[in-house]
Amino acid sequence: MVIAASLIAIWLNALIRASFNYTNFDYIWTAASLFALILGFSQLLSAPKPARNLGFFSLGLLFIGQLIHLFLAEPFGSM
C-alpha cells in the first residue's frame, strides 16, 4: 500500500500528459504486484484442500500475465 500511495502521489504531480506506461514506476508497480502474488501463493499453501485447486490455477494465470508484462512491456513498432 505504501508503494501504491507513493506512486500515485508522484504520478499526480507529474505533467498533465505524462504517461505511466513503460516508465520506472510501471516496473515498480509490476514488481509489487508480483510480490503480492507470491504472498498470496504462500497463503494458499496453508488453505484447506478444496480451495487450493482453483486458487493455484488463478494465481498461476495472474503470475504468468505479470511476468509477460514485466519482460515484454516495451512497445513494439508504433504502439
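The protein chain has 3 helices and 0 strands. Helices (H or I, at least four residues) and strands (E, at least two) are DSSP runs, numbered from the N terminus. Read from that end, the elements run α-α-α. This is a predicted model, in which local features need pLDDT of at least 70 and side-chain atom pairs count only at pLDDT 80 or more, while totals for chains, interfaces and linings use all residues. Residues are numbered from 1 along each chain as its sequence is written, and side-chain values use heavy atoms, with hydrogens and water left out.

**The chain as a whole**

The protein chain holds 79 residues, and 18% of them count as buried. Buried means under 20% relative accessible area, exposed means over 50%, and partly exposed lies in between (1.4 Å probe, protein chains only). The accessible surface of the chain is about 6300 Å². Carbon and sulfur atoms hold 73% of that surface. Accessible areas come from the Shrake-Rupley method with a 1.4 Å probe; for residues, only the protein chains shown count as cover.

Contacts also link separate stretches of the chain. Contact means heavy atoms within 4.5 Å. Take the contacts between residues at least 6 apart in sequence: 50% of them join residues at least 24 apart.

**The core**

Which residues form the largest nonpolar core? They are Leu34, Leu37, Leu44, Ala47 and Leu59. Helix α2 (residues 24–44) gives the most to this core, with 3 residues. A nonpolar core is a set of buried Ala, Val, Leu, Ile, Met, Phe, Trp, Tyr and Cys residues joined through side-chain atoms within 4.5 Å.

Look at Leu59 next. Leave aside its neighbours within four places in sequence, and Leu59 is in contact with Leu37, Gly40, Phe41 and Leu44.

Thr30 is also in helix α2. Is Thr30 buried or exposed? Thr30 counts as buried because its relative accessibility is 2%. Beyond its neighbours within four places in sequence, Thr30 is in contact with Gln66, His69 and Leu70.

**An aromatic pair**

The structure holds 1 aromatic pair. The ring centres of Phe41 and Phe56 are 5.4 Å apart and their planes stand at 55 degrees, so the pair is tilted. Phe41 is in helix α2 and Phe56 in helix α3 (residues 49–71), so the pair ties together parts 15 residues apart in sequence. Rings of Phe, Tyr and Trp (its six-membered ring) pair if their centres lie within 6.5 Å; planes under 30 degrees apart count as stacked, over 60 as edge-to-face and the rest as tilted. Phe41 is partly exposed, at 40% relative accessibility. Phe56 is partly exposed too, with a relative accessible area of 29%.

Ile3, Ile10, Phe25 and Ile28 make a nonpolar surface patch of about 320 Å². The elements that give two or more residues to this patch are α1 (2–12) and α2. Patches are made of residues with over 30% relative accessible area and no salt bridge: like charges are joined within 9 Å, nonpolar side chains (Val, Leu, Ile, Met, Phe, Trp, Tyr) within 5 Å. A salt bridge is a side-chain nitrogen of Lys or Arg within 4 Å of a carboxyl oxygen of Asp or Glu.

Ile3 is one of the patch residues, and it lies in helix α1. Its relative accessibility is 41%, so Ile3 counts as partly exposed.

**Pairs that are apart in sequence**

The table gives C-alpha separations.

| Pair | Apart along the chain | C-alpha separation |
|---|---|---|
| Tyr22 and Leu70 | 48 residues | 9.7 Å |
| Gly65 and Leu34 | 31 residues | 9.9 Å |
| Met1 and Ala32 | 31 residues | 9.4 Å |

Where do the residues named at the left of each pair sit? Tyr22 is in the loop between α1 and α2. With a relative accessible area of 38%, Tyr22 is partly exposed. Gly65 is in helix α3, and it is partly exposed at 36%. Met1 is in the segment before α1. Met1 is exposed, with a relative accessible area of 87%.
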